[in-house]
Amino acid sequence: MLLVFGLTVVFRTVGEGTFHCPQCGGDRAYRRRAARRWFSPFFVPLVPLWRLGHAVECRSCRGRFPVSTLRAATAQQMASALPAGMRAAAALVLRSGAPEDAAARARAVETVTRYGEPDYDDDAIDADLVVAPVFLGQEVERAGAHLAVEAKEWFLAEAVRIALADGPLDEGERQALHAVAELLGMSRAYALGVIVTTEGASR
Ligand SMILES: [Zn+2]
């Protein structure tokens, strides 16, 4: 009798979710698959052999990728991180300066709305002002992780303009702006340049 020996790889689904597919380029459903080599005489998987590790399979294009692909943010996560980050930066800046100042609040509302949070208003500012700075900082950091250098610069400049709305920067506002810059991953010298340039442009 003729015996056809074979080794096949069999995949088993061990998880599901949404990820950014590097192949078809968008937010897609994925299956996390555990692969295992099988001894397959006559093409029938009969004896499980060694494990081959996990892979992520896109449910749209069927492409398979390393599990590390899951660390990339989805477009939706990126889209929500930015307004949340600007909102947190506005709160950090306002609390360091004049949280009750109408012009500063109006500037914050205008900026955060433009960054993609249409419902942001005076009440939202009040709610954010009682949030612990460490949590606000995490939001800024998360936004910074998705921003290119130029976008970080613009983000910081927008925070500076919020701080300037109630008049020249005071020491507390400067410290808050440097803290925002650090959370964005900008060097102190770079941040200082952006702050000073934005101050100069507003005069
Ligand atoms: Zn895909």
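## Exercises on a predicted model

Met186 is buried, with 21 other C-beta atoms within 10 Å. Keep in mind throughout that the model is predicted.

**Exercise 1.** Find where Met186 sits and which residues it touches, leaving out those up to four places away in sequence.

*Solution.* Next, count its surroundings. The cut-off for a buried residue is 20 or more other C-beta atoms within 10 Å, and Met186 has 21, so it counts as buried. Then look for its partners, which are Lys152, Leu156, Ala181 and Ala191. Finally, take Lys152 from that list: it is 34 residues from Met186 along the chain, yet their C-alpha atoms are separated by 7.8 Å.

**Exercise 2.** Decide whether α1 and α2 are roughly parallel or antiparallel, and describe their contact.

*Solution.* Begin with the geometry: the two axes come within 9 Å and cross at roughly 170 degrees. Angles over 145 degrees count as roughly antiparallel, and α1 and α2 therefore fall in that class. Now pick out the side of each helix that takes part. From α1 come Pro83, Met86, Arg87, Ala90 and Leu94, which meet Ala104, Ala108, Thr111 and Val112 of α2. Sorted by class, this contact has seven nonpolar, one polar and one charged residues.

**Exercise 3.** Is Arg62 buried or exposed, and what is its phi?

*Solution.* Locate Arg62 first, in the loop between β3 (47–58) and β4 (64–65). A residue with 12 or fewer other C-beta atoms within 10 Å is exposed; Arg62 has 10, so it is exposed. Its phi is near 70 degrees, a positive value in a residue other than glycine.

**Exercise 4.** Describe the span that the UniProt record annotates as "domain: Co-chaperone DjlA N-terminal".

*Solution.* In that unreviewed entry, the annotation covers residues 141–189. This span is 73% helix and 0% strand, and its end C-alpha atoms lie 18 Å apart.

Notes: Residues numbered from 1 in each chain as written. Predicted model: local features only at pLDDT ≥ 70, side-chain atom pairs only at ≥ 80, totals over all residues. Helix = DSSP H or I, 4+ residues; strand = E, 2+ residues; numbered from the N terminus. Axes fitted to C-alpha atoms, helices over the stretch in contact; angles between N-to-C directions. Parallel < 35°, antiparallel > 145°, perpendicular 65-115°, else oblique. Contact = placed C-beta atoms within 7 Å. Nonpolar A, V, L, I, M, F, W, Y, C, P; charged D, E, K, R; others polar. UniProt positions renumbered as here; feature names shortened; annotations may be inferred.
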